[in-house]
Amino acid sequence: MKTYYSIYVNDDFWRAFDTEREAKKYLDEFQKTHHVKTEIIATGGKKSNVSR
C-alpha cells in the first residue's frame, strides 16, 4: 500500500501529495497567506484530492 501525505485545514481535508517533501513545500507557501490550523497526516490507500 502506498503512503500519501494529506493536508488538513481547520480539520477538513484539503489536498493529498505523493511525498512528504511536496506536502511541506505546499504547506509552507499556504501558511504565508492563510492563518488557520493546518496539519499533515500520512495516510495509506487511495489518493484523493476531492475536498469538502
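Which residues make up the largest nonpolar core? The views below start there. This is a predicted model, where local features need pLDDT of at least 70, side-chain atom pairs count only at pLDDT 80 or more, and totals for chains, interfaces and linings use all residues. Residues are numbered from 1 along each chain as its sequence is written, and side-chain values use heavy atoms, with hydrogens and water left out.

**View 1. The largest nonpolar core.** Its 7 residues are Tyr 5, Ile 7, Val 9, Phe 17, Ala 23, Leu 27 and Phe 30. A nonpolar core here is a set of buried Ala, Val, Leu, Ile, Met, Phe, Trp, Tyr and Cys residues joined through side-chain atoms within 4.5 Å; buried means under 20% relative accessible area, exposed over 50%, and partly exposed in between (1.4 Å probe, protein chains only). Strand β1 and helix α1 each put at least two residues into this core. Zoom in on Phe 17 and you find it touching Tyr 4, Tyr 5, Ile 7, Glu 22, Ala 23 and Tyr 26, if you skip residues up to four places away in sequence. Contact means heavy atoms within 4.5 Å.

View 2. Helices (H or I, at least four residues) and strands (E, at least two) are DSSP runs, numbered from the N terminus. Ala 23, Leu 27 and Phe 30 are the buried part of α1. Looking down the helix axis, the buried residues sit within an arc of 65°, so they line one face; that arc is taken from the directions from the helix axis to the C-beta atoms. Over on the other side, Arg 21, Lys 25 and Lys 32 are exposed. The cover over the buried residues includes β1 (3-9), β2 (12-17) and β3 (38-44).

**View 3. The three-stranded sheet.** The sheet is open, with its 3 strands in the order β2-β1-β3 and antiparallel pairing. The edges belong to β2 and β3, each with a single partner strand, so one side of each has no neighbour in the sheet. Two strands pair if DSSP finds at least two bridges between them, and β1 and β2 are joined by 5.

**View 4. Ser 6 in strand β1.** Ser 6 belongs to β1 and stands opposite Ala 16 in β2. Is this serine buried or exposed? Ser 6 counts as buried because its relative accessibility is 4%. Neighbours within four places in sequence aside, Ser 6 contacts Phe 13, Arg 15, Ala 16, Glu 39, Ile 40, Ile 41 and Thr 43.
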